[in-house]
Amino acid sequence: NTDKIEDMSRVTKAWIQPMSNATFLSLLQFMACLANTGWSKYSTAYYMSNGVTASELGTLSLVSCTAKLVGYPQWGILMDLLLTTRPQHHSDGYSITLKFKVTLALLIFLGNFSVWLFYWPSTKTIIFNSFVALAVCRFIRAWLNASWTLVDVVTLRLLPDASNYGSHRLYASIGWGVGSIFAGHLID
């Protein structure tokens with residue numbers, strides 16, 4: 001088991017560590033917006049097509065806002081802790097920047113992966129048969145999703161020159177556009 005973990009560690013370092021901050025930030029901007037286009041615009045229609053009423057949608061909005069009220073400062077504190085120091089190598093050979101990249105990418109992945117709980121037949125049945133289960137899943141989704149909104153903050157924090165922010169933010173717009181076209185095509 002230890003050998004497998006070390007092998008995975010080497011693979012992670014080989015793929016992620018050489019990525020420059022500029023490449024990472026552009027990719028992060030692109031993926032954060034690409035991944036959220038379909039759900040953010042069509043979740044209400046999806047909920048209603050699964051029998052959720054207007055009053056339940058209102059309650060789910062409150063649940064979502066509460067989750068983000070908790071999530072925004074929590075993820076902000078985590079990012080501040082990971083970004084406090086510029087890259088320094090520790091005894092394990094990882095840099096704080098690499099740990100930061102992996103942590104943020106994992107949070108964004110989990111936030112977007114949690115949407116699939118609403119679609120898989122086995123979990124969908126459980127979620128939509130109980131409003132409490134639906135509210136809990138919506139809370140978890142919104143809480144995890146609060147992490148992706150820190151992408152702009154992180155971008156500005158890691159850029160040596162803030163005047164380059166627009167060139168990275170451009171990738172967010174491209175991701176949103178590509179995702180919207182793709183989601184619209186799938187829905188139609």
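**A pocket and the helices around it**

The lining of the second largest pocket is made up of seven nonpolar, seven polar and three charged residues. This is a predicted model, and in it the second largest pocket has a volume of about 260 Å³. Among the 17 residues that line this pocket, those closest to its centre are Trp39, Ser40, Ser43, Ser64 and Arg138. Two or more residues of the lining are given by each of H2, helix H3 (54–83) and H6, and the largest share, six residues, comes from H2.

Two packed helices are described by the angle between their axes and the distance between the axes. For H2 and helix H6 (residues 131–145), the angle is about 160 degrees and the axes lie 14 Å apart. An angle over 145 degrees counts as roughly antiparallel, and H2 and H6 are therefore roughly antiparallel to each other. The crossing in which H2 passes H6 is left-handed. On the side of H2 the contact involves Asn36, Trp39 and Tyr47, which meet Leu134, Arg138, Arg141 and Asn145 in H6. Sorted by class, the residues of this contact are three nonpolar, two polar and two charged. Trp39 and Arg138, which take part in this contact, are also among the residues closest to the centre of the second largest pocket.

H2 has another partner to consider. Helix H2 (residues 21–49) packs against helix H7 (residues 151–158) at an angle of about 165 degrees, with 10 Å between their axes, which makes H2 roughly antiparallel to H7. Here, too, H2 passes its partner H7 in a left-handed crossing. The contact is formed by Asn21, Leu25, Leu28, Gln29 and Ala32 of H2 together with Val151, Asp152, Val154, Thr155 and Leu158 of H7. In this contact of H2 with H7 there are six nonpolar residues, three polar residues and one charged residue.

Helix H5 (residues 121–128) and H6 pack at an angle of about 115 degrees, and their axes are 6 Å apart. Ile126, Ile127 and Phe128 of H5 make this contact with Ala133, Leu134 and Cys137 of H6, and by class the contact has six nonpolar residues, with no polar and no charged ones. Leu134 of H6, which belongs to this contact with H5, also belongs to the contact of H6 with H2.

Key
Residues are numbered from 1 along each chain as its sequence is written. This is a predicted model: local features need pLDDT of at least 70, side-chain atom pairs count only at pLDDT 80 or more; totals for chains, interfaces and linings use all residues. Side-chain values use heavy atoms; hydrogens and water are left out. Axes are lines fitted to C-alpha atoms, for helices over the stretch in contact, and angles run from 0 to 180 degrees between N-to-C directions. Helices (H or I, at least four residues) and strands (E, at least two) are DSSP runs, numbered from the N terminus. Angles under 35 degrees count as roughly parallel, over 145 as roughly antiparallel, 65 to 115 as roughly perpendicular and the rest as oblique. A crossing is left-handed if the near helix is turned anticlockwise from the far one by less than a right angle, and right-handed if clockwise. Contact means heavy atoms within 4.5 Å. Ala, Val, Leu, Ile, Met, Phe, Trp, Tyr, Cys and Pro count as nonpolar, Asp, Glu, Lys and Arg as charged, and the others, Gly among them, as polar. On a 1 Å grid over the protein atoms alone, a cavity is a set of points where a 1.4 Å probe fits but cannot get out, and a pocket is an open set with protein on both sides within 12 Å along at least five of seven lines; lining residues have an atom within 4 Å of a point. Grid points are joined across faces, edges and corners, and a volume is the space filled by probe spheres set on the points.
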